[in-house]
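Hello,

Here is the structure I promised to pass on to you.

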Amino acid sequence: MSIAYLNGSWQPLEEARVSVLDRGFMFGDGVYEVIPVYQGKPFAEDEHLARLATSLKELHIMMPRSEDDWQELFREAIDRGDEDEAILYVQVTRGVAESRSHIYEDSEPTVLITLSPRVTPGLDHKLSVVTKEDFRWARGHIKVISLAANSLAKNEAIAEGYDDAILVRDGKVTEASSSNVFIVKDSVIVTPIADNHLLHGITRAQVIALAKQHDLPFEERDISEDELLAADEVWVTATSIEVWPVHKVNNQWIGNGEVGLVYQKVYNLFQELKCQSN
Ligand code: PMP
């Protein structure tokens with residue numbers, strides 16, 4: 001069942017309503033988090049709450065709940081939703097303004113939490129992606145709700161017959177439309193540096209930690225578009241898809257088009273991590 005907590009009250013998701021003067025609606029002025037629930041428990045809760053705090057701070061929006069309150073609300077959402085595998089979606093906007101104005105005044109943030117069943121894509125579906133110019137703003141590390149640019153990139157890619165877009169800024173890979181990018185070349189795992197042009201993915205950080213713990217060669221550095229195309233393996237990471245293989249970029253096969261050995265190892269380690277955390 002999909003349920004929602006909105007500013008203190010629980011209701012079915014489709015009945016939840018906010019004012020048109022909410023700055024989230026008017027300006028996309030808010031932030032969000034997507035937290036996976038495995039076996040009835042939130043996964044990497046502390047990391048998600050820390051990123052929420054960073055995003056709010058960057059937009060000068062007040063943190064509306066304490067850490068304990070969030071944790072309590074997440075438990076309640078899981079209990080009410082009655083799902084073992086689910087996705088917790090958390091959104092905080094600057095709140096309802098008196099009138100539409102670019103200038104914001106102090107307002108009570110709007111707090112939304114939803115819990116929806118987790119829908120996992122079939123593991124046999126490897127992704128075919130296309131590279132596109134990254135024309136987004138230069139604060140990609142903030143998890144803002146205004147996702148028009150990301151959404152446009154993904155939908156354009158789909159309209160062209162691909163599954164997704166990998167974004168390239170000044171010749172360097174930043175991230176995909178809703179995930180982080182990893183390549184493998186000569187057994188070395190490489191991912192772009194987490195700067196202001198990409199989201200500092202929680203899954204990305206978990207994969208890096210696993211690589212380090214298990215002595216897998218790893219580098220955090222720029223990846224050129226040419227390097228992406230010449231990689232032995234390409235994967236993307238995100239809460240919703242965990243670690244997912246890409247087998248084609250710009251209609252060109254990556255490696256032999258099959259799932260790579262390093263991917264397989266990291267995928268298995270990630271599954272173990274999920275089990276250990278419960
Ligand atoms: N980059 C972008 C643009 C995203 O939207 C997401 C997922 N929301 C990610 C990366 C991956 O982040 P995470 O692993 O924390 O889900």
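Below is what turned up, grouped by topic.

Please keep in mind that this is a predicted model.

Asp46, Glu47, Glu67, Asp68, Asp69, Glu72, Asp79, Asp82, Asp84 and Glu85 form a negative surface patch. Helix H2 (45-58) and helix H3 (67-81) each supply at least two of the patch residues, and H3 again gives the most, with five. One member to look at is Asp84, found in the loop between H3 and strand S5 (86-93). Asp84 has a relative accessible area of 55%, so this residue counts as exposed.

**Salt bridges**

The structure holds 17 salt bridges. Which residues form a salt bridge with Asp134? Arg136 is one, with the closest N and O atoms 2.8 Å apart; Arg169 is another, at 3.6 Å between the closest N and O atoms. The pair of Arg169 and Asp134 links distant parts of the chain, 35 residues apart: Arg169 sits in strand S8 (residues 164-169), and Asp134 in the loop between strand S7 (127-133) and helix H4 (148-159).

Are these residues buried or exposed? Asp134 is buried, because its relative accessibility is 3% and the cut-off for buried is under 20%. Arg136, at 12%, is also buried, and so is Arg169, at 16%.

Elsewhere, Glu227 forms a salt bridge with Arg221, and the closest N and O atoms there are 2.9 Å apart. Both partners count as partly exposed: Glu227 has a relative accessibility of 27%, and Arg221 has 28%. Going back to Asp134, salt bridges that share partners join Asp134, Arg136, Arg169 and Glu175 into one network.

**One more residue**

Lastly, Asn268 lies in helix H7 (residues 261-276). Asn268 is partly exposed, at 38% relative accessibility. Asn268 and Asp215 are 53 residues apart along the chain, and their C-alpha atoms are separated by 15 Å.

Enjoy exploring, and do write back with any questions.

Best wishes

Definitions and conventions. Residues are numbered from 1 along each chain as its sequence is written. This is a predicted model: local features need pLDDT of at least 70, side-chain atom pairs count only at pLDDT 80 or more; totals for chains, interfaces and linings use all residues. Side-chain values use heavy atoms; hydrogens and water are left out. Patches are made of residues with over 30% relative accessible area and no salt bridge: like charges are joined within 9 Å, nonpolar side chains (Val, Leu, Ile, Met, Phe, Trp, Tyr) within 5 Å. Accessible areas come from the Shrake-Rupley method with a 1.4 Å probe; for residues, only the protein chains shown count as cover. A salt bridge is a side-chain nitrogen of Lys or Arg within 4 Å of a carboxyl oxygen of Asp or Glu. Lys and Arg count as positive and Asp and Glu as negative; His and the chain ends are not counted. The place of a charge is taken as NZ of Lys, CZ of Arg, CG of Asp or CD of Glu. Helices (H or I, at least four residues) and strands (E, at least two) are DSSP runs, numbered from the N terminus. Buried means under 20% relative accessible area, exposed over 50%, partly exposed in between (1.4 Å probe, protein chains only).
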